[in-house]
Amino acid sequence: MDAYDFEHFVGDLWERMGWETEVSTAAADKGVDVTAQKATPYEQTLLIQVKRYGPNTTVGSPEVQQYASLRHQYHGVDKVLLVTTNGYSRQAKEIADQLNVKLINGDELVQLVLEHDALDLVVKYLDFVEAVPEEDTSQSAEQSADRPETPSEAGAPSSESDASAPQPTQMGSPPSTRWHKMVMGATIGWVVVFFSVVAIPEALWGLLFLATWVALPAALYLDAREIGDVTDWPKYTWVYVLTSLLWFVAVIPGLIYLWRRRSVPVKDEKYSASGEQASSIDTSQPSTEEQRTEASNESKSYADVEGSASESRSSGTDSDDRDHARVIGYEEERYTCQVKRSPNGEWLVAYGRGTDPDDARVFVYDDTGLRITETIAEPTTASIADSGRTVVIDALDPDEHSSKLLVFEPDGTQLLTHYFNADVADCDVTPDGEYVVVTTYPPDDSAYVFDLGSGDRRTKHELRHEKARQVTIRTEDSGWEIQFSTDTGADPSYAIDLDGEVVWEGTTDHEKTVQEDVGERDDPQRLRETIESLRDAYDAAETEPERNDVAQSLADAHWSMANALEDDDPEAMQDHLEQAKERYFELLPWYEGKSGTAKVLRKQGSHYLERGEEERAAECFRQIKQLEDEYSVQLLTEEDEQHLESLS
């Protein structure tokens with residue numbers, strides 16, 4: 001796709017998502033490719049920069065830093081967004097998290113296209129892509145509605161109906177064969193022969209010429225005949241074979257054949273993309289246990305997912321299923337899902353969205369097949385215990401910054417529901433299914449531990465490290481240990497017990513040690529030097545964007561100093577909180593200003609409550625509420641609202 005077309009494609013995609021967009025002209029770009037705005041549920045403005053990169057080029061941290069400053073150059077910008085066709089370096093992801101830059105990689109861009117039914121935009125901007133219309137099922141549906149219900153349809157077991165039931169079509173390339181490899185080899189050989197006519201001996205050239213001339217049409221014919229058992233393609237094998245006999249153009253039918261073969265629908269689901277028989281979760285047969293569905297009269301349906309729990313255990317591989325999308329068929333619909341397995345590998349939970357953007361589900365499997373499925377508004381993450389007890393996070397409406405925790409028993413019984421006034425970052429459940437841990441994003445920025453035996457919240461822990469919101473529960477000699485890390489697979493930053501007490505904190509060599517607060521970033525002397533340097537830089541700044549960047553760093557430094565002095569010098573702590581708040585106010589109405597001011601006011605309010613100064617504490621929480629009302633954004637946490645209500 002042309003780079004400028006790609007900008008328009010992204011603009012059109014965001015319009016499909018409910019935004020009003022404007023694509024900048026090449027001459028007046030100034031670093032902003034697309035400006036997106038919407039008025040509901042509150043006024044928001046996004047600045048979007050797109051990077052149409054190839055498979056070997058990633059977006060680096062310098063580019064992220066460059067575009068992060070854009071939010072200070074335009075009034076009322078809420079977020080800067082980078083969209084690329086490939087991916088981002090590790091440093092770029094870390095910088096983006098610090099600077100509130102949203103990153104969307106190529107896989108996530110594809111998922112957005114699918115979720116918002118935007119394949120027509122791909123067709124619009126890529127003239128060599130052809131849209132394939134979906135089969136019209138309305139007529140067959142009317143016919144089935146007119147005929148009487150058979151016993152097998154009513155739920156009675158019928159081996160004949162099971163055997164004759166149509167099998168779902170599995171999309172993907174057909175199995176590779178030896179003739180397929182010969183087609184590839186002969187096609188490459190043709191290129192070698194064509195361009196080396198004067199570079200190799202005449203006898204050898206003649207031999208290679210004869211080999212490719214005979215091998216290519218023969219391999220095309222034999223491969224097409226072999227895959228004909230599992231596909232309906234190609235219908236005109238003779239066209240490929242005959243045109244490949246015309247030696248001067250033989251490479252063209254060979255390349256066309258290989259390209260089209262990649263995306264041929266496989267009609268026999270017992271074959272996987274690799275050509276080997278796959279061990280898949282088979283639920284085409286009625287389960288001995290009644291499936292839990294949305295309506296009691298809902299008919300049983302098939303559901304299939306590539307790979308089973310038993311396959312994972314037998315293979316001995318330890319892969320992170322959350323990084324791989326699976327396609328699940330259910331009731332004539334296909335869902336693109338993220339998958340996670342239980343620690344013992346006997347259970348699997350998949351959550352995702354169908355082709356209808358309003359249709360999302362969670363599926364739970366064991367070795368016998370599908371156990372339960374539930375409709376979820378906005379599933380964002382899930383976890384499953386060895387017992388089959390399943391934890392699902394429903395983001396509800398992401399624009400409202402609220403989420404819901406759902407816990408299901410293996411039979412589909414809903415065990416626990418809990419609402420959060422914040423976006424949830426991650427969750428995990430102990431292997432025995434007794435405890436659940438949930439982490440949230442700012443402004444809440446906490447970890448919640450729930451006891452599923454009693455159904456109560458056991459503790460709430462304010463996260464100690466920025467961005468360390470990925471949670472994993474491990475068993476140690478002293479009991480359960482809750483570890484927090486900055487990313488999936490990264491070394492944990494620190495750990496707490498079930499009561500929220502820190503049990504160790506990571507050092508530079510990532511060993512577990514007794515908690516120490518002597519890091520340089522928490523050293524008051526080092527922080528004083530940092531604050532003095534930033535003050536000089538603030539006075540020397542010549543432009544508003546530069547001054548805003550320094551103001552944010554200065555506010556963060558005062559915030560760190562206040563935390564470092566909390567136990568030793570409460571009065572100095574309050575002084576630094578006031579200075580941090582003053583700098584955060586300078587950043588309004590940007591995200592850093594709103595969230596920074598709210599966290600300072602929250603800490604001040606909690607401090608006044610401990611000292612019994614209820615009126616001053618109430619004023620702090622009221623100021624957070626005023627910011628919330630002024631900017632139509634969620635800033636109060638659940639605990640803030642409780643304090644505000646009790647102090648009113």
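Visitor: Why does Ser-244 count as buried?

Guide: Ser-244 has 1% relative accessibility. Buried means under 20% relative accessible area, exposed over 50%, and partly exposed in between, with a 1.4 Å probe and protein chains only. At 1%, Ser-244 therefore counts as buried. Before we go on: this is a predicted model, in which local features need pLDDT of at least 70 and side-chain atom pairs count only at pLDDT 80 or more, while totals for chains, interfaces and linings use all residues. Residues are numbered from 1 along each chain as its sequence is written, and side-chain values use heavy atoms, leaving out hydrogens and water.

Visitor: What is Ser-244 in contact with, leaving aside its neighbours within four places in sequence?

Guide: Contact means heavy atoms within 4.5 Å. By that rule Ser-244 is in contact with Trp-213, Leu-216, Pro-217, Leu-220, Ala-250 and Pro-253. Ser-244 belongs to helix 10 (residues 237–245), and a polar atom of its side chain lies 2.6 Å from the backbone oxygen of Val-241.

Visitor: Why is Leu-242 called partly exposed?

Guide: Leu-242 is also found in helix 10. Its relative accessibility is 48%, so it counts as partly exposed.

Visitor: What makes Gln-49 a buried residue?

Guide: Gln-49 has a relative accessibility of 6%, and therefore counts as buried. You will find Gln-49 in strand 3 (residues 44–51).

Visitor: Which side chains does the side chain of Gln-49 meet in polar contacts?

Guide: One is the side chain of Asp-33, at 2.9 Å; another is that of Tyr-67, at 3.5 Å. A polar contact is a pair of N or O atoms within 3.5 Å; within protein, one must be able to donate a hydrogen and the other to accept it, and residues adjacent in sequence count only if both atoms are side-chain atoms.

Visitor: What makes Tyr-330 and Phe-363 an edge-to-face pair?

Guide: A search of the whole structure finds 13 aromatic pairs. Tyr-330 and Phe-363 form such a pair, 5.7 Å centre to centre with 70 degrees between the planes. Rings of Phe, Tyr and Trp (its six-membered ring) pair if their centres lie within 6.5 Å, and planes under 30 degrees apart count as stacked, over 60 as edge-to-face and the rest as tilted. Tyr-330 and Phe-363 are both buried. Elsewhere, ring pairs join Phe-6, Phe-9 and Tyr-125 into a cluster.

Visitor: How do you know that the span of helix 15 agrees with its number of residues?

Guide: The expected span of a helix is 1.5 Å times one less than its number of residues. Helix 15 (residues 570–586) has 17 residues and should span 24 Å; its end C-alpha atoms are 25 Å apart, which agrees. Helix 17 (residues 614–631), with 18 residues, reaches 26 Å from its first C-alpha to its last, close to the expected 26 Å. Buried residues of helix 15 include Met-573, Leu-577, Ala-580 and Tyr-584, while those of helix 17 include Ala-617, Phe-621, Ile-624 and Glu-628.

Visitor: What makes Arg-583 a charge over a ring?

Guide: The charged end of Arg-583 sits over the ring of Tyr-538, 4.5 Å from its centre. The rule asks for NZ of Lys or CZ of Arg within 6 Å of the ring centre and within 35 degrees of the ring normal. The side chain of Arg-583 also makes a polar contact with that of Glu-586, at 2.7 Å.

Visitor: Why is Glu-586 described as partly exposed?

Guide: Glu-586, in helix 15, has a relative accessible area of 28%, so it is partly exposed. Not counting residues up to four places away in sequence, Glu-586 touches Tyr-538, Asn-548 and Ala-551.

Visitor: What makes the phi of Asp-117 worth a look?

Guide: Most residues other than glycine have a negative phi. Asp-117 has a positive one, near 50 degrees, and is placed in the loop between helix 4 (106–115) and helix 5 (119–125).

Conventions. Helices (H or I, at least four residues) and strands (E, at least two) are DSSP runs, numbered from the N terminus.
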